[in-house]
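Please keep it open beside you and look along as I go.

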Amino acid sequence: MSDEGHTGRNEISRRDFIKVTTGIVGGVIGLAVGVPAIAYLLDPAFKSGAKEAWIPIGKFADMQIGQPYAFSFTRVQVNGWERTSTSHGGFVIRKSDNPTDTVIFNSRCTHLGCTVNWKADAQAFICPCHDGKFGINGKVLGGPPPRPLDQFTDFRVTQDGVLEIYYKES
Amino acid sequence: MWKNVYEWLDERLGLNDLYKNLLDRPEPKGNWWNTLGSAALFLFILQGVTGIFLTVYYTPSPDHAYDSINYIMNGVAFGWLIRGIHHWGATLMVVVVFIHMLRVFVTASFKYPRELTWLIGIGLFLVTLGMGFTGYLLPWNQQSYWATTVGTQIAGSVPFIGDFILKVLRGGSDLSALTLQRFFSAHIWMLPAALAGLIGVHLYLIIKHGESNFPSKED
Ligand code: HEM
Ligand code: FES
């Protein structure tokens, strides 16, 4: 009845067989427990949470040449069970019939971030907070703002005539 | 090589003695009913591990408890599995502990010298029920909210001090954020600590006295 007696060239002893099967079964169980556990812990690290997108602004045909067209949109950021929404806005200014001849300003004041408004009588963007003033070309005309209005430089007009801007979280 | 490592460790830790005393104990003739205590111990460890994993995402605040559980179920890889095990393990643990208790009663194993093992067992059973009671509120859904409302009312029907007990359980007269937070604290710290301590003494007593024999026909 000695195990060793049976270990011929191609045979494995009962003891080794049990060792190997225990190892395999143990390994399988280990994987079955370990993989879900690690995936569960690492999961949020693999979620990108789309931070950029094409945002539709409005019908391009509705935007008149030489007239700032105001728009706004909100972005919702989802982290687990927490949702934060941020509002953004701006002005589209078409300079000619050519769709590429368009400037899109961000309405966020470059001083401290208030939202500027277009005042037709003054022909300027006026900031309500500290009287910052920008021309229709975005240049600073007065007040504390340190630089011209920011622009959305990536935009396109879709086949059905909708103007879209490419928004990227900074 | 491994043999040397083992011997070095054994000399300082007494591994062989531990093995003899803890695992190589004499047992009465094998009986499946005698495995229920070990099953309960396994479930306790399982609940501990899955519970710790749940706290990675669960938030005990009225604003977020429900959403965070929702996130565990639908947003996290294998979240449904971890919560599922914890959820069903909780019920199973109560059942297993209860049947274990029944078997000890039926075989009259609570007699001398095991009275203390039995008494501590009653504590274990009550604390396990407490785990179920406090855990049930945590998802903060309609079902758990009203179950806890009623459960604490029942505790509040005790004569004279009932009202006080109700306020202690709820952390005030209403079910509120305070209730959720103290149930959470009880569920993950106080009651598990109590369970672990009681289990330790329970096991010590079992090892000290050995397991009781099944009663024979004459008994
Ligand atoms: C020591 C360890 C434990 C920790 C850290 C822990 C942690 C948690 C957490 C964070 C939750 C909320 C998530 C959820 O509701 O699914 C929960 C729920 C729950 N726990 Fe535990 N737990 C432990 C042990 C136990 C035990 C021993 C029981 C046994 C009876 C139990 C019964 C419950 C119940 C009934 C729920 C509600 C399950 C549900 O409705 O989803 N827990 N636990
Ligand atoms: S924020 Fe616009 S001027 Fe100060």
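**Ground rules.** I am working with a predicted model, where local features need pLDDT of at least 70, side-chain atom pairs count only at pLDDT 80 or more, and totals for chains, interfaces and linings use all residues. Residues are numbered from 1 along each chain as its sequence is written, chains are lettered from A and ligands numbered from 1 in the order in which they are written, and side-chain values use heavy atoms, with hydrogens and water left out.

**Domains.** For chain B, the assignment gives domain 1 (1-30) and domain 2 (36-209). Their centres, again over C-alpha atoms, are separated by 34 Å.

**The iron site.** Next I looked up ligand 1. B:His86 and B:His187 each coordinate its iron atom through NE2, at 2.0 Å. Donors here are N, O and S atoms within 2.8 Å of the metal (3.2 Å for Na, K and Ca), and water is not among the atoms, so sites may look incomplete. The iron has 6 donor atoms with angles of 80 to 178 degrees among them, and the site is octahedral (six donors, opposite ones over 155 degrees apart and all others between 65 and 115). B:His86 sits in helix α5 (residues 79-106) of chain B and B:His187 in helix α9 (residues 177-209), so the two tie together parts that are 101 residues apart in sequence. I count helices as DSSP runs of H or I with at least four residues, strands as runs of E with at least two, both numbered from the N terminus. Are these histidines, B:His86 and B:His187, buried or exposed? B:His86 is buried at 16% relative accessible area, and B:His187 is buried at 12%. Buried means under 20%, exposed over 50%, and partly exposed in between (1.4 Å probe, protein chains only).

**Helix α8 of chain B.** I found B:Gly162, B:Leu166 and B:Arg170 buried in this helix, residues 162-170. Down the axis of α8(B), its buried residues fall within an arc of 60 degrees, so they line one face of the helix; the arc is that of the directions from the helix axis to the C-beta atoms. They pack against α7 (142-155) and α9 of chain B, where contact means heavy atoms within 4.5 Å. Just after α8(B) comes B:Gly171, with a positive phi of about 70 degrees.

**Where the chains meet.** The contact takes 10 residues from chain A and 17 residues from chain B. Together the chains bury about 1,200 Å², 71% of it on carbon and sulfur atoms; this is accessible area (1.4 Å probe) lost on putting the two parts together, summed over both. A:Pro36, A:Tyr40 and A:Trp81 supply 60% of what chain A buries against chain B, more than any other three residues.

Most residues other than glycine have a negative phi, and most peptide bonds are trans. B:Trp140 has a positive phi near 55 degrees, in the loop between α6 and α7 of chain B. I also noted a cis peptide bond between B:Tyr112 and B:Pro113, with omega about 0 degrees.

Methods. Four donors count as tetrahedral if all angles lie between 85 and 135 degrees; four count as square planar and six as octahedral if opposite donors are over 155 degrees apart and all others between 65 and 115; anything else is irregular. Domain bounds come from an automatic or database domain assignment.
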